[in-house]
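Student: I would like to learn how to read a structural model at the level of single features. Can we start from the whole chain and work down to pairs of side chains?

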Amino acid sequence: MSDKATEIAELLQPTVQALGLELLGVEYLPAAGNATLRLYIDVSQAERQTRVVNIEDCEAVSREVSAQLDVQDPINDHYTLEVSSPGVDRPLFNAAHFARFIGEEVKVVLKLPQEGRRRVQGHIVSVEGDRITLAFDNRQLTFAADNLDKARLMPDWVALGMAPQPKKNIGAGKPRKKPAAPRKLH
């Protein structure tokens, strides 16, 4: 998260928690004329097995946060507030988020390159403190959580039933018939 996003997240965290929800992270996308402030919320850890974020949760957070932002005024320019569930391609904002999804595939963008790379797509191998290790292309890359610019889970669309199953190679392993020898015509 950017410094501004971190500042806003710290400001809004208690408000979102008071609604019984968790503020996963904040994206602040400045733009000439109209910036975007996007909040990602989730249900509390205790409720994750039985409930998901719904539109009423997003509306409640939007209402409360809007009032707080009007009073605190941390953004000088015009902006659009968006409140969202994390979705299946969930953004990951810190080491704890990565730890929850060890073994899953992620797409990561680093603030500063490591080993010549800023963008990496791989599987989460481990999280130790604020150090995150990903495996990709028979290699591993370990980076500090504070070097994280953006990260998202890469859903398995086939397993979720949202993409067609890969076609099986019909006839694989079976011997092929030899083409017939040309016949002589008399």
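Tutor: Start with burial. In this predicted model, 34% of the 186 residues in the protein chain are buried. The chain exposes about 12400 Å², and carbon and sulfur atoms supply 50% of that area.

Student: How many helices and strands does the protein chain have, and in what order do the elements run?

Tutor: There are 3 helices and 8 strands. Read from the N terminus, the order is α-β-β-α-β-α-β-β-β-β-β.

Student: What share of the contacts with a separation of 6 or more joins residues 24 or more positions apart?

Tutor: Such pairs account for 55% of those contacts in the protein chain.

Student: Now the helices. How do I read the packing of helix 1 against helix 2?

Tutor: Look at the axes, then the handedness, then the residues. The axes of helix 1 and helix 2 (residues 55-72) come within 10 Å and cross at roughly 140°. The crossing is right-handed.

Student: Which residues meet there?

Tutor: Helix 1 contributes Leu11, Leu12, Thr15 and Val16. Across from them, helix 2 contributes Val61, Glu64, Val65, Gln68, Leu69 and Gln72. By class, this contact holds 6 nonpolar, 3 polar and 1 charged residues.

Student: Next, salt bridges. Why can two side chains pair in this way?

Tutor: Side chains of opposite charge can pair when their charged atoms come close. The cut-off used here is 4 Å between a side-chain nitrogen of Lys or Arg and a carboxyl oxygen of Asp or Glu. A search of the whole structure finds 12 salt bridges.

Student: Take glutamate 7 and lysine 4. What is the N to O distance in their salt bridge?

Tutor: It is 3.8 Å, so the pair falls within the 4 Å limit. Both residues belong to helix 1 (residues 3-18) and sit 3 residues apart, which means that about one helical turn separates them.

Student: Where do the partners lie in the salt bridge of arginine 38 and glutamate 82?

Tutor: First the distance: their side chains meet at 2.7 Å, N to O. Glutamate 82 is partly exposed, with a relative accessible area of 31%.

Student: Which residue does arginine 51 meet in a salt bridge?

Tutor: Its partner is glutamate 47, at 3.3 Å, N to O. Arginine 51 is partly exposed, with a relative accessible area of 24%. Glutamate 47 is partly exposed too, at 27%. Salt bridges can also share partners: in this way Glu22, Asp42, Arg48, Arg90 and Arg100 are joined into one network.

Student: One last residue. Where is threonine 6 placed?

Tutor: Threonine 6 is in helix 1. With a relative accessible area of 27%, threonine 6 is partly exposed.

Student: How far is its C-alpha atom from that of glycine 25?

Tutor: The C-alpha atoms of threonine 6 and glycine 25 are separated by 8.2 Å, while the two residues are 19 residues apart along the chain.

How values were computed:
Residues are numbered from 1 along each chain as its sequence is written. This is a predicted model: local features need pLDDT of at least 70, side-chain atom pairs count only at pLDDT 80 or more; totals for chains, interfaces and linings use all residues. Side-chain values use heavy atoms; hydrogens and water are left out. Helices (H or I, at least four residues) and strands (E, at least two) are DSSP runs, numbered from the N terminus. Buried means under 20% relative accessible area, exposed over 50%, partly exposed in between (1.4 Å probe, protein chains only). Axes are lines fitted to C-alpha atoms, for helices over the stretch in contact, and angles run from 0 to 180 degrees between N-to-C directions. A crossing is left-handed if the near helix is turned anticlockwise from the far one by less than a right angle, and right-handed if clockwise. Contact means heavy atoms within 4.5 Å. Ala, Val, Leu, Ile, Met, Phe, Trp, Tyr, Cys and Pro count as nonpolar, Asp, Glu, Lys and Arg as charged, and the others, Gly among them, as polar. Accessible areas come from the Shrake-Rupley method with a 1.4 Å probe; for residues, only the protein chains shown count as cover.
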